[in-house]
Amino acid sequence: MSTGGRGDASFTGSIAEIYGSLMVPMIFEEPARILADVVAGAGGVDVLETAAGTGVLTRMLAEAGRFEIVATDLNAPMLEAAAERVRSERVRWQVADAQDLPFPDQSFDVVVCQFGVMFLPDKIRGYSEALRVLRPGGLLAFNVWDRVENNAVADVITRALCAATPDHPLEFVKRTPHGYFDIDRITGELAAAGFERTTGEYIWGTSRTTAETGATAFCRGTPLRGEIERHPTLDLPSATAIAAAGLRDRYGSEPFEAPTRWLQLTAHRPV
Ligand SMILES: C[S@@+](CC[C@H](N)C(=O)[O-])C[C@H]1O[C@@H](n2cnc3c(N)ncnc32)[C@H](O)[C@@H]1O
């Protein structure tokens with residue numbers, strides 16, 4: 001299996017707009033609401049969001065009305081799409097790698113990250129950076145997708161694409177967004193970075209989409225797009241059609257609901 005390299009974090013070009021308009025309504029709003037509630041229960045006002053993407057969680061944090069938020073992401077096109085969607089004086093946008101944060105020590109009360117940690121090549125380095133910028137007692141709150149088999153739309157699309165291309169399987173979805181979900185590994189890596197009082201909870205949710213929208217969202221609005229564009233035998237129209245056919249075979253042509261599952265975690269910087 002390929003490791004994907006930097007391409008797996010490449011939310012660039014038109015991916016950003018399609019991600020914001022199709023992926024987010026399908027599967028990202030429900031976990032964002034639950035993660036925003038965790039942050040709302042925390043003390044302090046200074047919040048750093050890493051891997052903020054197109055701002056679905058940022059908007060909810062801004063709406064809480066009591067946080068000053070620095071929202072960061074590796075990819076400028078994602079933050080440009082976010083700034084179009086979230087117009088709030090409470091938010092400052094800044095391009096930043098979560099593994100190398102351009103902020104002083106102990107400058108935030110909360111660090112929060114929705115579905116971004118899986119993309120970090122060095123997770124412990126990312127956790128160490130979060131710890132460094134947190135004030136003593138500060139909260140790290142984040143989530144990661146569970147295994148692909150527990151996330152039906154992603155699973156059906158991955159199976160359809162891999163069945164069509166057994167010699168060159170398109171495994172981005174399984175490899176990266178759904179490749180980091182073992183609670184023992186994650187809590188061990190948090191401890192290695194210096195965090196304590198870690199909690200973790202798997203949560204079931206619901207995605208709502210159609211076969212065409214789900215296929216377009218994954219094939220054109222995620223880094224799977226780059227993997228398809230580099231593929232020796234498929235192109236974007238054929239891959240999107242294969243993914244849509246897989247979803248239609250399972251769910252039909254009408255709007256449908258399908259299960260999602262993710263792991264939500266919290267950890268604290270020691271006082
Ligand atoms: C699945 S998206 C999640 C975006 C957003 N949090 C949401 O819930 O919609 C993953 C995000 O991680 C960002 N990302 C990838 N590698 C990163 C890194 N090293 N540092 C910061 N952000 C990164 C991508 O640009 C992308 O916006």
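Predicted model: local features only at pLDDT ≥ 70, side-chain atom pairs only at ≥ 80, totals over all residues.
Q: How many residues surround the ligand, and which are the closest?
A: The ligand is surrounded by 19 residues. The closest are Tyr19, Ala51, Asp73, Asn75 and Gln114.

Q: How does that shell divide into nonpolar, polar and charged residues?
A: The shell around the ligand comprises 14 nonpolar, three polar and two charged residues.

Q: Which atom of the ligand lies 2.6 Å from Asp73?
A: An oxygen atom of the ligand lies at that distance from a polar side-chain atom of Asp73.

Q: And what about Asn75?
A: Asn75 places a polar side-chain atom 2.7 Å from an oxygen atom of the ligand.

Q: What part of Gln114 is 2.8 Å from the ligand, side chain or backbone?
A: For Gln114 it is a polar backbone atom, and the ligand atom at 2.8 Å is a nitrogen.

Q: How much of the ligand does the protein bury?
A: The protein buries 98% of the 590 Å² that the ligand exposes when taken alone.

Q: Changing topic, how many salt bridges does the structure hold?
A: The structure holds 17 salt bridges.

Q: Where are Arg85 and Glu17 in the chain?
A: Arg85 belongs to helix H3 (residues 76–85), whereas Glu17 belongs to helix H1 (residues 15–40). The two are 68 residues apart, and the pair links distant parts of the chain.

Q: Why can such side chains pair?
A: Side chains of opposite charge can pair when their charged atoms come close.

How values were computed
Residues numbered from 1 in each chain as written. Heavy atoms only, no water. Near = heavy atom within 4 Å. Polar contact = N/O pair within 3.5 Å; in protein donor to acceptor, adjacent residues only side chain to side chain. Areas by Shrake-Rupley, 256 points an atom, 1.4 Å probe, with all protein chains shown as cover. Nonpolar A, V, L, I, M, F, W, Y, C, P; charged D, E, K, R; others polar. Salt bridge = Lys/Arg side-chain N within 4 Å of Asp/Glu carboxyl O. Helix = DSSP H or I, 4+ residues; strand = E, 2+ residues; numbered from the N terminus.
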